[in-house]
Amino acid sequence: MLDGEVPSGVLDALVSVLGPGDRLRIRPGEKVPVDGSVAEGESAVDESMLTGEPIPVTKRPGDKVIGATLNTSGALVMVAEKIGTQTMLSQIVQMVAQAQRSRAPMQRLADVVAGWFVLVVVLIALTTFVVWGLFGPQPSWACGLINAVAVLIIACPCALGLATPMSVMVATGKAATQGVLFRDAAAIESLRKVDTLIVDKTGTLTEGRPAFHGVVAAPGGTEAAVLRLAASLDQGSEHPLAHAIVAEARERGLVLSTPVSFESSSGIGVRGIVDGRRVVLGNTALMDDERIGWQALAERAEALRLEGASVMYLAADGVLVGLIAVADPIKASTPEALDALRASGLRIIMATGDGLTTARAVGTRLGIDEVHGEVKPADKNDLVGRLQAEGRIVAMAGDGINDAPALARADVGIAMGTGTDVAMNSAHLTLVKGDLRGITSARRLSVATVRNMHQNLAFAFLYNAAGVPIAAGVLYPAFGLLLSPLIAALAMSFSSASVVGNALRLGRQRI
């Protein structure tokens, strides 16, 4: 919404007409259209698509906001500062395009060989015609023409031309049934060579949305009472963390009270009156403002943080009653997937926009030794480049806009189907279900497909190595055998059918 000279004070406007200095009103549920700063209001903005941070960030006057991020709760008035190609999103798109242009096109083995093969066959046919014409029995030139035609027919590169495309076609169909979508044959051929996998955390290793993690009661209290009190207060909040707490309380069947008053303190917590008690829920800064001692549960809070959780203290009438932990849970399939990938010889690296403490906590739980936290899109892109400079074959797995440059630059970019369109358009393959176990299946399929291609090519060449000399008449002097063009055509068809049949075996292979 753009402020304008109308009675209502606001009007709808196209992003294309915006300029620096324009004041924009962003309502709850709307996306921030351009980069700028908050002039009025307070809200939680989901920046996970760009930063990788799963928990929405509270924005207040003076804070920066980024285009394409989502305003989740309150209304904001912002001042536009960067528009068009100057925005962070546009810069990421430019980085993706640059990374894609820098990739040399992969040459197909069959294409290279076929070019030389056709030239060699034509030379053999001409040689056959001339030799038979000069030295063969009468009618020598007629025999030479027939044998030359037989050479051309039996050496028709149908089998050679089908060897790779048939394997790729069957492999992509097989992969699709397993929830893996390859963008092109190059990804199928390259995936088997990967020795290093970089994974994003939010939405890739984890679910990508806040969820209830745990509750701790102070001595003399109960977990149910703490959760009920916190959830009752949070009913007045639209913050995703509050939603997770309220959802857990309702799932446990707790009866919640309606808060009489509710106040949100920017970035540190909430206050309100519940059942006649003054309740405060937030971080240590809020507890200090209220002069509430929180140190008694400090060790438990730190332990939860080391598990990758965000911790909020709960106090009632000036007394600490417990704490609530909310975290972005690890996908149930992630540990199994990482174990399988490590067993296959891959080096696994985590690169995330989350804080380093949380990233290390998640990395420790998953057995990932190399962790990079608080990284920006350009940092992920540079990390891929450094590893490639070391001679590594790198795959990158991610789901957000912030992963797009690295996905495009990696030898194989792997996008989560549960992620953003930008990530999927930048990647070489997409895991439709967002399950990393699909990488293991895709790698096995990659190995099987390339092996199948080699089998098809070998069959085509062995067939031609035997068929072309016979068609040229090398057996005639010793055995009086010649190959009719009709028989050559039948043999050529059989070779193509054999290649197709071998390729179809991929569809029955277990991956």
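In the predicted model, helix α4, which covers residues 140-154, packs against helix α16, which covers residues 437-472, at an angle of about 165 degrees and with the two axes 8 Å apart. Because angles over 145 degrees count as roughly antiparallel, this value makes α4 roughly antiparallel to α16. The crossing in which α4 passes α16 is right-handed. On the side of α4, the contact is made by Asn-147, Ala-150, Val-151 and Ile-154, while α16 contributes Tyr-463, Asn-464, Gly-467, Val-468, Ala-471 and Ala-472. When the residues of this contact between α4 and α16 are divided by class, seven are nonpolar, three are polar and none is charged.

A further partner of α4 is helix α18, formed by residues 485-504, and here the packing angle is about 5 degrees, with the axes 8 Å apart. Since angles under 35 degrees count as roughly parallel, α4 and α18 are therefore described as roughly parallel to each other. The residues of α4 that make this contact are Ile-146, Val-149, Ala-150, Ile-153 and Ile-154, and they meet Pro-485, Ala-488, Ala-489, Ala-491 and Met-492 of α18. By class, the contact of α4 with α18 consists of ten nonpolar residues, with no polar and no charged ones. Ala-150 and Ile-154 of α4 take part in the contact with α16 and also in the contact with α18.

Helix α16 also packs against helix α11, which spans residues 334-343, at an angle of about 35 degrees and with the axes 7 Å apart. In this contact, Glu-336, Ala-337, Ala-340 and Leu-341 of α11 meet Arg-437, Ile-439 and Thr-440 of α16. The residues joining α11 and α16 comprise four nonpolar, one polar and two charged.

Two aromatic pairs were counted in the model. One of them is formed by Phe-129 and Trp-141, whose ring centres lie 5.1 Å apart and whose planes make an angle of 55 degrees, an arrangement classed as tilted. Phe-129 belongs to helix α3, which covers residues 109-135, whereas Trp-141 belongs to helix α4, and the pair links parts of the chain that are twelve residues apart. The loop between α3 and α4 contains Pro-139, and the peptide bond that leads from Gln-138 to Pro-139 is cis, with omega near -10 degrees. Another backbone feature is found at Ala-68, where phi is near 85 degrees, a positive value in a residue other than glycine. Ala-68 is located in the loop that connects β7, residues 64-65, with β8, residues 70-71.

As to the confidence of the prediction, the average pLDDT of the protein is 83, and 90% of the residues score at least 70. The lowest confidence is found in strand β1, at residues 2-3, with a mean of 47, and the highest in strand β11, at residues 196-199, with 96. Residues 1-10 have a pLDDT below 50, although the model gives this stretch 24 contacts beyond near neighbours in sequence. The pLDDT likewise stays under 50 over residues 99-107, for which the model has 16 contacts beyond four places in sequence.

Terms used
Residues numbered from 1 in each chain as written. Predicted model: local features only at pLDDT ≥ 70, side-chain atom pairs only at ≥ 80, totals over all residues. Heavy atoms only, no water. Axes fitted to C-alpha atoms, helices over the stretch in contact; angles between N-to-C directions. Helix = DSSP H or I, 4+ residues; strand = E, 2+ residues; numbered from the N terminus. Parallel < 35°, antiparallel > 145°, perpendicular 65-115°, else oblique. Left-handed = near helix turned anticlockwise from the far one by under 90°. Contact = heavy atoms within 4.5 Å. Nonpolar A, V, L, I, M, F, W, Y, C, P; charged D, E, K, R; others polar. pLDDT = per-residue confidence, 0-100. Phe/Tyr/Trp six-rings, centres within 6.5 Å; stacked < 30°, edge-to-face > 60°.
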